[in-house]
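Here are a few friendly notes to read alongside the model. Keep the structure open and look up each residue as you go.

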Amino acid sequence: LEMEYEILKTLDFNITVPTPLNFLDFIILKISMNEIKINQIKYLLELSLINGHMKKYSAGLLTVSAALLVNGSDKDKIMEMFFDSFKKEDIEQCIRDLIDIEKNAREGNMQLKAVKNKYSLEKFCGVAKMKIHF
């Protein structure tokens with residue numbers, strides 16, 4: 001306990017849980033993406049927040065899966081960054097689930113529409129109106 005206290009004191013008790021956006025920031029530093037792709041990833045991540053069954057995935061796994069969906073051409077770079085972190089099967093399942101929630105949102109099969117409405121705005125490049133090409 002004393003060591004834990006010393007570590008926390010050294011960190012000035014400034015600790016947090018990593019969110020999908022923390023992982024996205026890391027990916028953006030390594031791979032150049034245009035604003036549309038970044039907003040598409042954020043859209044998928046926010047859609048995952050309002051779908052209870054997506055809670056089974058970690059923040060990192062969700063972000064890597066969303067980035068792979070949107071950045072197919074950079075697939076190898078993204079996988080290299082997270083090679084030891086996630087199982088291929090887990091990524092594939094998460095990708096399938098992200099595709100399903102995006103399809104449901106696009107087809108209007110969701111009760112909660114705030115995320116879709118937000119990402120339909122020009123400020124977010126209207127990505128909710130686009131079909132994300134997987």
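1. C125 lies in the segment after α7 (114-118); helices here are DSSP runs (H or I) of at least four residues, numbered from the N terminus. Its phi is near 65°, a positive value in a residue other than glycine. C125 has a relative accessible area of 23%, so it counts as partly exposed (buried means under 20%, exposed over 50%, partly exposed in between, with a 1.4 Å probe and protein chains only).

2. A word on the source: this is a predicted model, where local features need pLDDT of at least 70, side-chain atom pairs count only at pLDDT 80 or more, and totals for chains, interfaces and linings use all residues. Residues are numbered from 1 along each chain as its sequence is written, and side-chain values use heavy atoms, leaving out hydrogens and water.

3. Now look at F13, in the loop between α1 (2-10) and α2 (20-30). F13 is not a glycine, yet its phi is positive, at about 55°.

4. Leaving aside residues up to four places away in sequence, Q40 touches V70, V127, M130 and I132 (contact means heavy atoms within 4.5 Å).

5. Finally, find where helix α3 (residues 35-49) packs against helix α6 (residues 88-106), at an angle of about 90° and with axes 10 Å apart (axes are lines fitted to C-alpha atoms over the stretch in contact, and angles run from 0 to 180 degrees between N-to-C directions). On the α3 side, Y43, L44, L47 and S48 meet L98, I101, E102 and A105 of α6.

Note on methods. Helices (H or I, at least four residues) and strands (E, at least two) are DSSP runs, numbered from the N terminus.
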